[in-house]
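I opened my notebook to look a few things up in this structure. Here is what I worked from.

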Amino acid sequence: MTAPVLEPPAVTAGRRPRIPTTLHRTEVILAVISTVAFIALAATTGGNLLEEGTLRAVFQFLAVPMVIGLAQMSVLAVGQMNLSVGVLTGLCAMISASLMVDSGWPAGLAVPAGIAVGALVGLINGVLVVATRINGFIVTLATMTIVDGVRFGVNGTATYQGYSPGFVRLGRASVLGIPVVFLAAVVVALVVAGFFARTTIGRQLLASGGNPLAARLSGISNDRSIVVAHLLSGVLAGVAGVLIVALSGSVNASIGDDLLLPSFAAPIIGGVALAGGVVSVLGTCLAAFIVRLVDVAQAQYGINPRWVDLIVGAVVLGAVLLSQTRDRGRAR
Amino acid sequence: MTTSTEKEPVGAPETEQPVGRAAASGLPFWADPRLGLLVVLAVLVAVFSGLRPAFLNVPLTLVPMQADISVFAVVGLAQLAVLSLGHMNVAVGRMAAVSAFATGFAYDRLHVPLVVGLLVGLVVGAAVGALAGWIITSTGVNSFVVTLALDFGLLGLVSLLYSRFSGGVAFSVRPAGLDALRFDTFSDYCAGNICGPPIPLVVPIAAIAVVGVGVLFRYSRIGREILMTGSNAKAAQLSGIPVSRRVIQAHALSGLLCGLAGFLLAANNGAFSASVGEQFLLPSFLGPVLGGTLLAGGAVSVIGTVLGATLTAVIQKGLNLLQFQVDEMRIYIGLVLLLALSLDRLRHVLAERRGGRP
């Protein structure tokens, strides 16, 4: 899970050797912070955190924020944003649940169908951005509104439950003490990391994000990069939706309402540049873990849940400030 | 009232489209997005009133719609204030919520009159906005990230404040005059036999904001310098414009307008609650973007923003009368937004192809 970075050739000349190290440093810092926070939390709660049930819950509910963060990261890679990730996750969850409950599909078909819906919406986002040349922020703002409506259109405000007991059992199961949904999220993260680090199209995405002009001159289609990034984002939102279906055992149309802000928080804390061209899968996952620890701390200490938002806001800002001062130090 | 500096957007990202620059770049008049908006508005009003004559019912439809438009327009202006810089404010809703809290607190605890409470809210909104602007200029962090983090922070803060000071999620206090703002129109006030038009009392407040922002960006030195900064920050800096101060001022203006929008919404709903502003983010972008304000900065359209807000309110009210569900309404609003933007883009491309550029 390395941090792929692709600097356009023109810029590379002067400062090439430094950038990978700083990126690594972000990840190291995040790793240190999360380890220290975890140990501190475990110590101050008298080992309560290390009990099997608590520990399992910590990682079970880490899976969705991780995948959602990666969904946002993949569009940030080309310098775009996807405001529809949250509601799209809800839509995919609702559709795969609906297929199982209303249409009687087996989980084995409903899960790929849910992911396919995510892919389709992602593809539409990408094609709209490329075809109309309207800013991606605005396009996904519009599709967010539409998807939000469709999400409630699936089943109103009613709840789906009692679908495929086997699938839910799988979603709550553990292998060697590690929750299956978390393993699934790790696999997804590895695949995404491999995509950006090893595949041609992944590298092209980063090139387009880093410097569109240089990318075009090198024969890369920026339009294709944008479409692929949105497609990947949609697929990952679909995966997150399916994970929710497997984990929670009952879904309704409010799923995804509170996922948009965390989807930005994880990559931004993780050191992903909003301007595009730089991604960090490990950083995003570690950041999602830190945000999750804030949640856990709230539950363990019985703090007013509203403090969580306040703290996460401060952490996002702090992380960005930190990377900013470091960048300035490097520039001098 | 399209205002723009003479410069082309230098270094604007590839996907950034100069919609709304029609007036500035000598394109034919039909490339002006505001004209398109007027046409769409006229068609929609004709369709809705044809399908449901109740659409033209004054007390049931037109009066509440004007109140809605007032809120949407002010929210749109709040976003426009920072779009002028090429920045974004994704904390519009929460800034409105914080100032609505301050206003409600002033009424509940300090028993201040209506106007003083409004002023307290505006000051708090402006202060929060200025804080965002100050963080952006002093750190150089992207405005999206700063306001996103601020949004998180304020989300928590607002709930904490309400649970601490109001013992719930809303202040139930009603200062004198709030109910008049909520229910009365000028037709309730008569001088002899002559009564005012059926316009809610909140409309003039929003109108003052619209005119104020329009004058600021068109005639005032500060407004022009903010646009210059948005067009090309480096050039502005080199021309002796205090860029950081202008950024802070634009964000403070945005916060102030958020505060005003929060007040208007609270007045319309009759309660200062934690849910004020929850639905602000989408309309805040709808108005300016439909009206032709650039995301890249350097050009704003105040009239376009009002028209965009009106369009949003007309669609919502019309679909509501046609008994669409809320979720279906969302689908159509999103589709209309996409359609309007695509048509706008198409019109612009056609206009350029006709050799509209000087």
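**Entry 1: a helix in chain A**

Which residue caps the N-terminal end of H14(A)? I looked, and Ser280(A) does this. One of its side-chain oxygens lies 2.9 Å from the backbone nitrogen of Gly283(A).

I noted the ground rules next. This is a predicted model, where local features need pLDDT of at least 70, side-chain atom pairs count only at pLDDT 80 or more, and totals for chains, interfaces and linings use all residues. Residues are numbered from 1 along each chain as its sequence is written, chains are lettered from A and ligands numbered from 1 in the order in which they are written, and side-chain values use heavy atoms, with hydrogens and water left out.

Helices (H or I, at least four residues) and strands (E, at least two) are DSSP runs, numbered from the N terminus. I checked the length of H14(A), residues 281-301. The expected span is 1.5 Å times one less than the number of residues. For its 21 residues that should be 30 Å, and the end C-alpha atoms are 30 Å apart, so the two agree.

I then looked at burial (buried is under 20% relative accessible area, exposed over 50%, partly exposed in between; 1.4 Å probe, protein chains only). H14(A) is mostly covered, with 16 of its 21 residues buried. Just after the helix, Gly302(A) takes a positive phi of about 65 degrees.

**Entry 2: where the chains meet**

I counted contacts (heavy atoms within 4.5 Å). On chain A, 42 residues are in contact with 40 residues of chain B. The two chains bury about 3700 Å² between them. That is accessible area (1.4 Å probe) lost on being put together, summed over both. Carbon and sulfur atoms carry 77% of it.

I looked for salt bridges (a side-chain nitrogen of Lys or Arg within 4 Å of a carboxyl oxygen of Asp or Glu). The count between chain A and chain B is zero. Helices that give two or more residues to chain A's side include H6 (107-132), H12 (222-248) and H15 (306-331) of chain A.

**Entry 3: chain B**

I found 13 helices and six strands in chain B. Of its 358 residues, 55% are buried.

I picked Leu321(B), found in helix H12 (residues 302-321) of chain B. Is Leu321(B) buried or partly exposed? Leu321(B) is partly exposed, with a relative accessible area of 24%. Not counting residues up to four places away in sequence, Leu321(B) touches Arg52(B), Ala54(B), Phe55(B) and Thr61(B). The C-alpha atoms of Leu321(B) and Ser49(B) are separated by 9.8 Å, though the residues are 272 apart along the chain.

Definitions and conventions:
A polar contact is a pair of N or O atoms within 3.5 Å; within protein, one must be able to donate a hydrogen and the other to accept it, and residues adjacent in sequence count only if both atoms are side-chain atoms.
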